[in-house]
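Here is a short report on domains and chain contacts. Look at the sequence and the model first.

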Amino acid sequence: MANMAQAIRMALAYGEQHLGVTDVFGEDVGPPLGGVFTATQGLKTAWNTPLDERGIIGLAYGIALAGGKPVAEIQFCDYIFNTIDLLKLVGNAHWGSAGTFHLPLVVMTPVGAGIHGSIYHSHSFESMMTHIPGWKVVMPSTPIDAYGLMISALKDTNPVMFMKPKALLRTKGEERIPGEPEDEKTLKEMIDAPLGDRSNWKPRWPNLTDFSVPIGKAKTVLEGSHVTCVTYGRHVHWAKAAADKLAAEGISVELIDLRTLYPYDFEAIKASIRKTRRVVFLNEDTAVSNFGEHLLRRTTEELFYELDAPPRLLCGKNVPGVGLAPVLEDASVPQIADIERMLRETASVPA
Amino acid sequence: MQKSTLRPRLEPGLQLRIHELMVKTRCLEERMIKMNRDGEGYFWIGAPGEEAFGIPLGLQVKKGQGPDFDYLHLHYRSSPLIMAMGGTMLDSIRQMGMRATDRYSAGRNFTNHYAIPEWNVVPMAPTIETQYLIAPGTAWVQKRHGGDGITIVNGGDAGSAEGDFASCLIWSTRPGKELPVLIIVVNNKFGISTPYDTQHGERNIADRGIAHGMPTKVINGNDVFESWAAIEEAMRYVRTERRPFLLEAHVSRLNGHSSSSGANRIDEPDCIATFEKQLVDEGICSPGEIRVTWERFRDEANACVKQQRTEPFPQASDIWNNAFHNDSDNAIAKAGGD
């Protein structure tokens, strides 16, 4: 099975071939490296930029204005913070121009902890990003969703922020991407750049198809009846691991992978909470003004009388960074044991 | 870097056209200042004093839509350029008056903040520097597209202190990927209230282009002839060589920074008065004809103000429009945020 980096790469290749992608660019995005996580290896429109994040976002804005279809990468979301005002300008260009201009562009950036990236390679960005109106914001948890969400992002005529959960980029999926060869080794030979001299290497893309995951649609990963867990990115897998353990105790968890953070699928959240009457929102961003707090607010306002237990948020600790030592990282972001504990507590509150 | 002393021959008809547009722009700006003082608009910021540079610039733009034509990344002192391209007083006054009929922003932005797709005038932000980052993007598309369309970006001396200006120089001169962009700094020697020479040690802002291997020029932007010649030369270079040119124009700032500083007239050289003296001395027009021109445009400005008073303001529900490109997506913004 393809890993997430390969899935993103194949989606971008499909975008180059069929969806009008003109430029895939960023720091080390072009040859020879093809991205620090290899998500852009072999793409014909990939090119390297100066190490200037503001310039990268500005260029994407300009290319989109002139009719191109840019996909810009910020190498780690930790580096995107100095572009916030530009992201805001991108988000308000359509609104501020009375609808006369629009910006079909995609920005992608790895987010979150999980690779021992220490203080400046472990940030989360979703709470900040969902606070910038005018953007759609997606984050996959599996390679096939990464492929399908990227295809949807490339088709969208609005700016889309594609967040890559960096701890999952080398993780293989359980579902084959349409067109992907059955043999993993064959795929690797076709699309992974060789070690050493790559100057004459060209990828052989599989017969890729137009497989989309609609923006704005969540996925029910597990059906359950006692408590709902709403999450995204790598915490989908940890929540599933926690749910599997709780199942042995007779606690049934309904797990929702949001996949799109904006516009988020509140209908799916509502339907699940009406079924279980209990909910835990889960993510690894820092606590204060956390994106999950918004979902808590809507849950409280719209479903208060349908809840059997206080809705909960489990998220990252509100500290300035994620420390390098494993014990520090583990203490900063929710771990499987933390998720298990909070789901158990929430499921155990007397109705 | 060259200091320009050029004085090209401009046909009398063109000189009269330039004068007419200079007066038209000044009358527009002065009327909008009055709107602010009368409580008909919350904030004014504009370009009195920049007409001798902005009008020749606007008249030489290759106007149209798409990469075959010039892209314009402007700052908020660009009314002369827009008037020279064919902008109307009424459209600017509608924006000043925050009317729903404001074609540039539907009552959402300050005046002199344009967005004109059919002329490649891209959406303007009140930021003083971000346009220098976005301009290389349109120029990159034009470089690949071919033809002679160029990207024009303008800003002020204060904006050149931001890192985005340095980014523009770097992105425009990547080896083998030089971009067809005319980089303009209109130096009025102030950043709001702070004098330029108390913050900038460089001899000229344009000198910064030298390190990037681009031709540069510093001109007296209060002189119509010198401005016309320098713009013509710079545009010719960028159009044909497909490489950047950095042009610094020194101008007056006749009404201060904005209405926030009172917008009162300041004693600096007035390019229109200078140009009018030249027109009269050379017998191109008479003082009486000049007076008639001023009266005509003051009357037009007054009529536009009256017209906009009859037009509706935006409605509260309009805030949800255009949050996203597709109407079906605009309901998204409302959900959870209403």
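## Domains of chain A

Domain bounds here come from an automatic or database domain assignment. The model is predicted. For chain A, the assignment gives domain 1 (4-191) and domain 2 (219-348). Taken over C-alpha atoms, the centres of domain 1 of chain A and domain 2 of chain A are 26 Å apart.

## Where the two domains meet

The contact draws on 23 residues from domain 1 of chain A and 24 residues from domain 2 of chain A. Consider the side of domain 1 of chain A that touches domain 2 of chain A. Three elements of chain A each supply at least two residues to this side: α4 (126-129), β5 (136-138) and α5 (143-155). β5(A) gives the most, with three residues.

By class, this side of domain 1 of chain A has eleven nonpolar residues.

## Where the two chains meet

Chain B also touches chain A. Here 41 residues of chain B are in contact with 34 residues of chain A. On the side of chain B that touches chain A, α5 (131-145), α6 (163-171) and α11 (327-334) of chain B each supply at least two residues. α5(B) provides the largest share, nine residues.

What is the make-up by class of the side of chain B that touches chain A? This side has 22 nonpolar, 15 polar and four charged residues.

Terms used: Residues numbered from 1 in each chain as written. Chains lettered and ligands numbered in written order. Predicted model: local features only at pLDDT ≥ 70, side-chain atom pairs only at ≥ 80, totals over all residues. Contact = placed C-beta atoms within 7 Å. Helix = DSSP H or I, 4+ residues; strand = E, 2+ residues; numbered from the N terminus. Nonpolar A, V, L, I, M, F, W, Y, C, P; charged D, E, K, R; others polar.
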